2 protein chains.
Amino acid sequence: MITIGDELLIGQITNTNSVWMARELTAEGFRVVAITTVGDAPDDLLKALDTAFARADILLLTGGVGPTRDDRTKETLCRYFNCGLTFNQEVLQHIEALFERRKIALNPLTRDQAMVPEVATVIPNRVGTAPLLWFQRGEQLLVSMPGVPSEMRTAMQEEIIPRLKQSFRLSSYQRRDYLVTGFSESALAAHLTSFEDQLAAPFSLAYLPTYEGIRLRLSAWGEEHAGAMERQDRLLRELLGSHCISYSARRAEELLGEMLMERGLTLSTAESCTGGYIAHLITSISGASSWYMGSVVAYDNSIKEKLLQVKKETLATQGAVSREVAEEMVRGVAAATGTSCAIAVTGIMGPDGGSREKPVGSVWVATLCRQELIAHAYIVGNNRAQNIERTAGIAITQLLRMLQQEAVS
Amino acid sequence: MITIGDELLIGQITNTNSVWMARELTAEGFRVVAITTVGDAPDDLLKALDTAFARADILLLTGGVGPTRDDRTKETLCRYFNCGLTFNQEVLQHIEALFERRKIALNPLTRDQAMVPEVATVIPNRVGTAPLLWFQRGEQLLVSMPGVPSEMRTAMQEEIIPRLKQSFRLSSYQRRDYLVTGFSESALAAHLTSFEDQLAAPFSLAYLPTYEGIRLRLSAWGEEHAGAMERQDRLLRELLGSHCISYSARRAEELLGEMLMERGLTLSTAESCTGGYIAHLITSISGASSWYMGSVVAYDNSIKEKLLQVKKETLATQGAVSREVAEEMVRGVAAATGTSCAIAVTGIMGPDGGSREKPVGSVWVATLCRQELIAHAYIVGNNRAQNIERTAGIAITQLLRMLQQEAVS
């Protein structure tokens with residue numbers, strides 16, 4: 001994959017296209033071997049094309065196809081494939097229809113989008129003006145797509161992936177996932193020494209430390225290894241025992257949602273320092289509305305009093321970041337929203353607000369399930385954005401474990 | 001930059017390291033020419049090293065340096081630089097101290113982190129076990145760092161960037177930013193035709209469409225162009241007029257915060273469909289607590305009634321996604337939290353919940369400032385995650401414009 005655009009090289013935007021494409025392609029059985037980002041300058045893209053064709057059969061390009069002058073992918077592809085531009089009537093009609101629907105006047109710059117490289121097969125872009133361009137070069141293939149995420153996703157799902165699947169015979173990607181807690185990364189690796197000693201190609205075991213725990217991924221390419229994968233999976237599960245809290249790559253909030261739904265429980269959250277991020281993670285799951293009621297983001301202490309019935313006295317004597325306030329918050333939000341489970345967090349995310357006694361990174365998390373309530377203190381880190389993510393992960397996992405233990409006992 | 005790890009190629013995690021590094025490096029005057037992601041296999045990294053050294057003076061590597069077997073960067077660098085490993089006493093002492101502080105036992109895998117390539121200069125990694133490795137190859141430079149974001153960031157800020165600045169004389173990056181509303185991308189480009197006609201190298205103008213508006217970036221490398229930059233900037237400002245709502249690359253929520261603070265106003269939010277994402281964007285800003293009080297995430301209709309005093313009757317007759325409910329929500333949250341300004345959103349993010357009358361993507365946004373209240377309907381898109389981001393951007397911008405117009409009138 002080659003993602004194109006100066007905005008990616010100066011750090012103006014995060015490259016979310018490549019992770020999305022990589023996930024979709026891997027799930028379909030394609031093997032992504034490299035992802036390269038280059039700027040808008042044609043020479044940089046030309047070099048990247050040579051390098052990429054030397055290592056892959058399929059080259060997917062995103063970006064640089066807008067109507068403005070800084071977008072030069074089309075011109076560069078003409079140079080690379082040594083061809084000129086030709087007018088495409090269908091593309092123009094599509095653009096005209098699109099502009100009519102949006103009720104804006106067509107201008108010459110947009111009309112130029114109907115000029116396409118002579119040697120390319122043109123595939124319509126249902127949701128945008130820049131057509132998808134498909135180039136064949138012997139056994140190899142290059143596809144150019146827009147960099148706008150929604151246009152790229154529609155193109156991939158509706159046009160590109162179906163066509164690629166027709167053109168290539170795919171070997172399937174075998175994969176097992178494990179979410180492990182209670183080990184440091186190196187301690188887990190030490191624990192799995194004998195397992196890894198007997199593990200031979202094409203199997204590989206990868207470690208990914210996350211805020212929810214260490215994610216292990218056992219994988220191999222090829223259907224013929226399905227039986228061996230079963231055996232390795234059994235072996236690994238035995239070694240991990242109850243340290244493995246999930247056999248899935250799904251996020252902790254999805255696992256939590258499933259568990260709540262199974263037991264007919266409902267959830268609300270009260271967030272101080274995470275400022276709505278826990279609610280955001282949960283509501284990113286489609287269908288969460290059946291078990292998640294909502295959140296009170298009590299960023300200011302006055303909101304903790306007004307909406308969560310935290311006592312002024314508790315705030316004054318214990319401070320906002322304390323076991324007592326976390327406990328009052330979790331009880332307060334469950335009462336205010338009428339849910340059977342609740343999560344509350346209060347902490348200091350930095351860079352300001354720390355003290356000797358309660359340094360930046362100090363967090364209290366209280367979780368409630370029916371009559372039971374637990375509260376724990378944690379120390380996260382120094383970086384505000386990461387502290388927010390980490391605290392959210394910790395809080396969700398704390399309730400997840402509480403529910404798992406309830407199931408066991 | 002080369003970011004290493006199979007988890008990036010199968011789409012398991014988003015590459016947030018490269019965007020952070022690109023932003024920091026650009027700000028310091030370094031020019032990032034390419035970012036490549038490869039997997040853990042040594043051969044793929046070896047090829048990427050050759051390609052990268054052919055186009056850059058400095059090569060920054062992240063990832064593949066953990067204590068587990070899937071991490072093979074160190075071994076690959078030994079092959080590349082044709083050297084063996086040597087024991088480093090200082091690294092071992094640092095690791096021992098780190099483990100003692102964390103109160104966990106040291107194991108042989110972690111002890112192996114003290115084995116370093118003979119030809120590398122070792123730089124301590126204050127916050128992790130894998131040392132930073134600095135390789136000189138003639139005039140060129142390679143630095144290997146951990147892929148764990150917090151370790152990479154600490155290493156870059158405390159060790160790598162200061163050393164790079166000592167080693168290289170830098171040309172400064174001149175840049176001006178503009179946030180433009182009221183134009184489509186192509187209409188804006190048409191409007192700026194004469195400006196772009198006279199704009200010559202080394203100046204370039206880039207267009208980035210975002211949910212907040214179109215972001216323009218005028219840039220050039222080299223201090224000697226500071227005067228010309230001033231002139232081009234004046235010219236562009238004149239052409240954009242009041243369509244330009246900000247001369248900064250900062251996000252809309254930061255501009256909003258500044259404006260609220262200047263006028264002594266406070267803000268609360270009531271979120272249904274965005275599920276806490278607006279609150280998250282706002283509370284990601286350090287210091288937001290001086291103007292932002294909090295949010296009620298009223299995901300379930302019962303919460304809209306209980307905490308925001310939305311009338312049962314309004315919900316029943318108008319439906320949750322309606323002008324009336326948005327207006328009651330915004331008044332409700334301002335009253336419950338005692339703020340002078342408020343934002344409320346209600347909508348259908350999909351994939352489920354749409355109807356013929358109110359399809360997926362339908363959104364109502366109400367904003368309130370003192371006595372004034374406005375509400376608008378929008379149609380966003382089909383993708384849940386993008387709809388949430390887009391709606392949040394729209395809602396924040398709606399209040400921002402309201403405040404700007406208040407200032408003018």
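## Strands across the interface

The bridge partner of A298(A) in β14(B) is G294(B). This pair belongs to an antiparallel pairing between strand β14 (residues 292-298) of chain A and β14(B), which runs over five bridges. Strands here are DSSP runs (E, at least two residues), numbered from the N terminus, and two strands pair if DSSP finds at least two bridges between them. Strands of a sheet pair through backbone hydrogen bonds, either parallel or antiparallel.

## Basis of the description

The model is predicted: local features need pLDDT of at least 70 and side-chain atom pairs count only at pLDDT 80 or more, while totals for chains, interfaces and linings use all residues. Residues are numbered from 1 along each chain as its sequence is written, and chains are lettered from A and ligands numbered from 1 in the order in which they are written.

## The contact between chains A and B

Chain A gives 81 residues to the contact, and chain B gives 81 residues. Two residues are in contact if their C-beta atoms, placed from the backbone, lie within 7 Å.

On the side of chain B that touches chain A, strand β14 (residues 292-298) of chain B gives the most, with seven residues. That side of chain B holds 35 nonpolar, 31 polar and 15 charged residues. Ala, Val, Leu, Ile, Met, Phe, Trp, Tyr, Cys and Pro count as nonpolar, Asp, Glu, Lys and Arg as charged, and the others, Gly among them, as polar.

## A sheet in chain A

In chain A, four strands form an open sheet in the order β10-β11-β9-β12, with antiparallel pairing. Its edge strands, β10 (204-210) and β12 (244-246), each pair on one side only.

β10(A) pairs with strand β11 (residues 213-221) of chain A over seven bridges, in the antiparallel sense. Within this pairing, L205(A) has L218(A) in β11(A) as its bridge partner.
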